[in-house]
Amino acid sequence: MAITNQQVAGRAFLRQLYADAYYPDHVVDRGRAILVRLCERIETEQPSDLVALYALTHAATEEFNSLEDDFEAAGSQIETVAREEIAEDFWFVASAYGFPDADVEELIATREW
């Protein structure tokens, strides 16, 4: 499915992680794919309120949780810079889809990183 929201379609997700050699591109690619799938789910399911949006972002956050082992296997980890970049992209997605009042901490409340 192609993303129809032009603001989202033009977004370079996890840009700061790609720019830093500490984060292996092949793992960051998987994180980017999680964010793209989140956008596709939002466009398909069209959550009507924050509760419905949070259900989608929590599922995506749990996918990021599963990447921690991959980061560690590649000599990296989801640490402060990565946490902030991921959280920022989650907030961007929420805002772009009409939820600018979403609480960034609630968007990623299920995180283990």
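This is a predicted model: local features need pLDDT of at least 70, side-chain atom pairs count only at pLDDT 80 or more; totals for chains, interfaces and linings use all residues.
Residues are numbered from 1 along each chain as its sequence is written, and side-chain values use heavy atoms, with hydrogens and water left out.

Consider helix α3 (residues 25-45) and helix α4 (residues 50-73), whose axes come within 10 Å and cross at roughly 165 degrees. Helices here are DSSP runs (H or I, at least four residues) numbered from the N terminus; axes are lines fitted to C-alpha atoms over the stretch in contact, and angles run from 0 to 180 degrees between N-to-C directions. The two helices α3 and α4 are therefore roughly antiparallel to each other, a term for angles over 145 degrees. Contact (heavy atoms within 4.5 Å) involves, among others, Ile 34, Leu 35 and Leu 38 of α3 and Leu 56, Ala 60 and Phe 64 of α4. By class, this contact of α3 with α4 has 13 nonpolar, two polar and six charged residues. In this scheme Ala, Val, Leu, Ile, Met, Phe, Trp, Tyr, Cys and Pro count as nonpolar, Asp, Glu, Lys and Arg as charged, and the others, Gly among them, as polar.

How do α4 and α5 pack? Their angle is about 155 degrees, with the axes 12 Å apart, and α4 and α5 are therefore roughly antiparallel to each other. Leu 53, Thr 57, Ala 60, Thr 61 and Phe 64 in α4 meet Ile 86, Phe 90 and Ala 94 in α5. These residues divide into six nonpolar, two polar and no charged.

In soluble globular proteins, nonpolar side chains tend to be buried together. The largest nonpolar core here has 36 residues, and Val 8, Phe 13, Leu 14, Phe 64, Phe 90 and Val 93 touch the most other members. Such a core is a set of buried Ala, Val, Leu, Ile, Met, Phe, Trp, Tyr and Cys residues joined through side-chain atoms within 4.5 Å. Helices α3, α4 and α5 (80-96) each supply at least two residues of this core. Leaving aside neighbours within four places in sequence, the contacts of Phe 90 include Leu 35, Leu 38, Phe 64, Leu 107 and Ile 108.

Asn 65 also lies in helix α4.

Note on methods. Angles under 35 degrees count as roughly parallel, over 145 as roughly antiparallel, 65 to 115 as roughly perpendicular and the rest as oblique. Buried means under 20% relative accessible area, exposed over 50%, partly exposed in between (1.4 Å probe, protein chains only).
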